[in-house]
Amino acid sequence: MENSSLLVSVCMTSYYHEAYIAQAIGSVLAQNVNFNYEIVISDDSSKDRTQEIIKKFADKFPCIRYKFNESNLGLTKNVFQARCMAKGKYIIPLSGDDYWIDNNKLQKQVDFLEKHPEYIGVATRIEMRNENSKKADFIDPPLEICGKSFGLKDFLGGRNFPMNGFLMRNPLKENYELFSLMPKLSPYIDDLTDCILILMMGNIYIMKDATVAYRRRIEQEGLHNFNSINKGLDKVKKEIDLLNKLYAEFGKRIDLFERYRMTLGPELAKNYRKSTAKEFKRIINSIPPEYRRRGIVIQSVIYIIPKTIEVIRRKIKI
């Protein structure tokens, strides 16, 4: 790395990642760049060997700084803490169980943002890989939304962009008050809140390159993430609660109808039965009246019909 002011902070979060953290850190250290960067790691009180591995890397590489939480903060507070540690003009998140697959990733994204001040961040495509596989099961997002500007209207309309490996202008320098809301809105869910807060500041760009491997764990035992800990109605209650808090915070500034629909529809299909009817009624009644008047339940059912048909088609091999 050439001598220059610190340009990028790689904000890593870890939690029981002893089997993966070395690969994650190594994929950052392998980057070919012409600027200085740092790696800041916030570990959320792992009790395995994660912290030991991080210390060994930090002893060898002075660009690595870390903080080990004495007690578990929860996902969103840990993400926020890592960002508060960052000193760079740009920040980029990386989970301790994922890794980068393009050694020119950082240089490409930095070059883009340096040339395009109209964007607040630049994403790339990600490869979904099972466990330690070197082949992608599929690549996300689809090419049709890449190579162009992506805004809040796109996201609220149902499109997603990956936060994994998303390089952005340091949001805590740009708008601390706005981004400090993330851990307050939900202790468990970071991406949905993050995407909305980011896009409220401006548009992003999505590159066509796939530069990140998102590790999909096959074995469920020992997992310590939101989707593994929360199942069924517990999961949907927390997701709807987050949407309700976003509505309470921003009201008419953002239309969350499609996001409610995307959350409620699949859960109704998977978990609705006679024994859960009363609980679903309570969940639905917690949704703001504005969205209930617009027929959120009916529209949620309509949302899952084509998806259900596709699953049936695959099963009977039409």
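This is a predicted model: local features need pLDDT of at least 70, side-chain atom pairs count only at pLDDT 80 or more; totals for chains, interfaces and linings use all residues.
## Basis of the model

Local features require pLDDT of at least 70 and side-chain atom pairs count only at pLDDT 80 or more, while totals for chains, interfaces and linings use all residues. Residues are numbered from 1 along each chain as its sequence is written, and side-chain values use heavy atoms, with hydrogens and water left out.

## Nonpolar cores

A nonpolar core is a set of buried Ala, Val, Leu, Ile, Met, Phe, Trp, Tyr and Cys residues joined through side-chain atoms within 4.5 Å. Buried denotes under 20% relative accessible area, exposed over 50%, and partly exposed in between (1.4 Å probe, protein chains only). The largest nonpolar core has 54 residues, of which Phe 155, Phe 161, Ile 196, Ile 204, Leu 246 and Leu 256 touch the most other members. Helix H11 (residues 232–250) gives the most to this core, namely seven residues. Helices (H or I, at least four residues) and strands (E, at least two) are DSSP runs, numbered from the N terminus.

Not counting residues up to four places away in sequence, Leu 256 is in contact (heavy atoms within 4.5 Å) with Leu 156, Ile 196, Leu 243, Leu 246, Tyr 247 and Tyr 291. A second, separate core of 36 residues includes Ile 53, Tyr 90, Leu 94 and Tyr 119.

## Helix H9

Eight of the eleven residues of helix H9 (residues 191–201) are buried, including Asp 194, Cys 195 and Ile 196. Gly 202, which follows H9, has a positive phi near 160°.

## Leu 167

Leu 167 lies in strand E9 (residues 167–169) and is buried, with a relative accessible area of 0%. Its contacts, not counting residues up to four places away in sequence, include Val 8, Tyr 90, Leu 106 and Val 122.
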